[in-house]
Amino acid sequence: MALPDEHALEERGVDLEDGSVLRSQVACAVLGLVIEKPSHGYEIGRRFENRFGEFLSAGRSSIYAALGTLMDAGLIEKMSGRSTTGVSRGAKAGAPYKATARGARAYRAWLAERVRSDPQRVEMLGRMTLAGVHSVEAAVDFIARYEQECVREAQELARPGRSLAAGAGSSVSSVVERLLVEERRRMIDAQLAWITFARAELRALETGPVDV
Amino acid sequence: MSLLSVEHATKRYRRGRLERVAIKDVSLEIEPGELVAVWGARRSGRSTLLRVAAGIESPEEGVVRFEGRELARFRNSILGHRLGYCQMGFNAADGGLVVEHIAAGLLAQRASPRDARRRAQEMLLRVGASQCERMSCHELDGAEAVRVSIAGALVTAPALLVIDEPTNGVEPLDRDPILALLRSLANEGVAVLMSTGDAQGLSGADRALSLDNGELRGEARPSGAQVLPLRRAESGARRR
């Protein structure tokens, strides 16, 4: 699986620094878990094992390293403590981690790009999606980003320099190349149709059940 | 100043007590020489957006400006002159020859019959449909009809061409050459605003706007996009 380059990430609305952090699948999985539910480090480690253990191997030290990296990048933060009088005591060293708004956005952008380019890992990504996209608003944002990935690929399918058979020159290779382009286009058509369906479902969820 | 700007346009259709919002608070700008594709599913509002952008219909809210002038007020001097709208399909009244159909736009502007015919022939050659010159409009196949329609819109040398689903009803192998034609027109400086319901129509677009339920949802723009034809584009349209 090819990782997106920095320029591509920036174009997709992912901050370059965030994009660099999200090159680590462990960091992405940890971020998704923190978005799902603010937690302490040890609890995140336990949930990581339950959720992603069969796909990703990471010890507790890797989980804590990922939490540190995500903190440094401003994608997660420690929750502020509160006294019984309601006065904020500021962030505590032992406080649970929670995602920042920037972290949630970066996660959805990364997820939308990755789901599109990495269909072989649909199940793992599905679990990540369930972890990090758990409101209608977040789902709508995720769908919009997914759509942009589809539209961009449809445009770029025709870009010069993407020739798979460059230099081959034979009519057969040329036809095969065009057929491959057409195969991708039809896949994108199916994905765009799914997006239309997903939006209709989300709209129905927002407007509530229809009386019959 | 943009060539075309649609500012917060909303358009509704009413049938009895029912009302449907076709486009909702849509804004977009088009610059000279840009190829902009509007992608959307059926009933997304893509065709309405193009009719509003071309001045065929006026928005109930918002404003459309062409070269800084309000389209609703100056429609007659803009549409069919500096702004070309590709009318797809021909009705029974279009029984004449293709070349006469193309020339009609110029005759309406008081061009001499000779000049109008010469210009129509030039445009048919430009769009790869010169072999259709002596045909009747109802004889054209899908791809030829689209090319002739483009020629009809280009005959007045517009700065913007608006075309709704140019590959609709066109055989699969003839679609990419039509998209390549639109790309080449943009490369020559004619801005193109088109709609599409499939991924193929996005090929080569400078910008792709996605429309859903009448609202613009996003915009994507690759650099240096060009159409890779599914079949090598011929100098003319399909030979008979």
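Which residues is Ser210(B) in contact with, leaving aside its neighbours within four places in sequence?

**View 1. Ser210(B) and its contacts in the predicted model.** Ser210(B) sits in strand β9 of chain B, residues 207–212. Ser210(B) has 25 C-beta neighbours inside 10 Å, so this residue counts as buried; the cut-off is 20 or more.

**View 2. Helix α4 of chain A, residues 41–52.** The helix has 12 residues. At 1.5 Å a residue, α4 should span 16 Å; the C-alpha atoms at its ends are 16 Å apart, so the two values agree. Its buried residues are Ile44(A), Gly45(A), Arg47(A), Phe48(A) and Phe52(A). An α-helix has 3.6 residues a turn, so residues three or four places apart point the same way.

**View 3. The fold of chain A.** Nine helices and four strands make up its secondary structure elements. Along the sequence they run α-α-α-α-α-β-β-β-β-α-α-α-α. Chain A has 212 residues, and 33% of them count as buried. Of the contacts between residues at least 6 apart in sequence, 65% join residues at least 24 apart.

**View 4. Confidence in chain B and in the complex.** Chain B has an average pLDDT of 86, and 89% of its residues score at least 70. Residues 231–240 of chain B fall below 50. That stretch still has 17 contacts in the model beyond near neighbours in sequence. Where pLDDT is low, the predicted coordinates should not be read in detail. For the complex, the predictor gives an ipTM of 0.75 and a pTM of 0.72.

Key
Residues numbered from 1 in each chain as written. Chains lettered and ligands numbered in written order. Predicted model: local features only at pLDDT ≥ 70, side-chain atom pairs only at ≥ 80, totals over all residues. Helix = DSSP H or I, 4+ residues; strand = E, 2+ residues; numbered from the N terminus. Expected span 1.5 Å × (residues − 1). Buried ≥ 20, exposed ≤ 12 C-beta atoms within 10 Å, placed from the backbone. pLDDT = per-residue confidence, 0-100. Contact = placed C-beta atoms within 7 Å.
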